[in-house]
Amino acid sequence: MVGNEPRHLLVLPFKLKLASLPRNQLPSCTHALLKILLFPTSKNRFFSVADTDSEVSLVLEESCLSLFGEEASSLLQHSDQTWRAIKYDEGELGFEATGIVSSITQPLAKAKVPIYYLSTYTTDYFLVEDIELSKTIDVLSGSGFKFSEAAQDEGHDAKPMPPTPVAMIAQSPPHNNRPEGGAKSQLLITKLPYQLYMSRLRRENFEKVACDLIRMIFYSTIEKRFFSLTETPDEISLIFDHDCVSVLEGAGVSLETCKMSWRALQICEGANWSNESGLLSKFSQPLAEASISIFNFSTYHTDYTLVEDHNLDLSLDKLSDKLEIVLDEE
């Protein structure tokens, strides 16, 4: 459980875009994505790809958009706004840490700051629009967080950031992905049927499994699945099913893999959810109060919360106690 002591957040230098394409259009974008994956322009970068039942979701540096040709660009849906990544900078959290998502999303929800959340093997990251960065720093500084800023050339050498004067907060209209409505909100949750595993790949082993990862991302014939690869300056984090575990282990690479299996709950908002941070806040708070460890993973079109397999029923019970949910089982 997150305590009352100051918690550290690190603002990363990357200028990011969020993007998505339909799964059946992935072949048209394979050339550009292979360039991004295999030929990074810097060893310190931020990149994430998630292949789900409904989309291929991307987080990539804005300079990478130029790698997509005219045809691929026409298929790629991407954000107009530039986004900034913020790291929960408290060392490796372990898989028993609880309350982190709630502690970040609650104050941002009250301030109507939209976020995009990515849990990795060792820690959590969340993205905010660049125009909302000053406001985010001010809001979370007032909630007990302490900010540092990563150096542009090193990716994770940090320097303290001064408090943001209120007068300097960017005054932008509230980001509103979901229509506002009355106090009563209904939340549709889809319980995905497959077990998932989390792993960390050491950078020196990436070349050994690059071909296998390419097949998993670009040439999978499985229609329903969840696979993600997130590369940050500190790690390459993977989420995959049991079939992928056997493939990677067969490549002779030792993976750091969480022993527990996880289940994904896809959060599909009802008509009255007004912003992403509010959605995640309301969803994560009952689980934090029950000391249930979660991982959250946003995609371009939706959000997934992962809970340990043995906590699945308990998690749904706690959510039902606090929220009006409709459960859809695939």
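Of the 330 residues in the protein, 55% are buried, where buried means under 20% relative accessible area, exposed over 50%, and partly exposed in between, with a 1.4 Å probe and protein chains only. This is a predicted model, in which local features need pLDDT of at least 70, side-chain atom pairs count only at pLDDT 80 or more, and totals for chains, interfaces and linings use all residues. Residues are numbered from 1 along each chain as its sequence is written, and side-chain values use heavy atoms, with hydrogens and water left out.

The protein has eight helices and 19 strands; these are DSSP runs, H or I of at least four residues for helices and E of at least two for strands, numbered from the N terminus.

Now the salt bridges. The rule is a side-chain nitrogen of Lys or Arg within 4 Å of a carboxyl oxygen of Asp or Glu, and the count is 14.

Take K87, which is buried at 12% relative accessible area. K87 bridges to D234, with the closest N and O atoms 2.7 Å apart. That pair links distant parts of the chain: K87 is in strand β6 (residues 83–88), D234 in the loop between β13 (227–231) and β14 (236–240), 147 residues apart. D234 is partly exposed, at 36%. K87 also forms a salt bridge with D89, at 3.6 Å, and D89 is partly exposed at 28%.

Next, E256 and R202, 3.1 Å apart at the closest N and O atoms. E256 lies in strand β15 (residues 256–257) and R202 in the loop between β12 (197–201) and α5 (206–218), so the bridge ties together parts 54 residues apart in sequence.

Lastly, K15, R84 and D130 are linked in a salt-bridge network.
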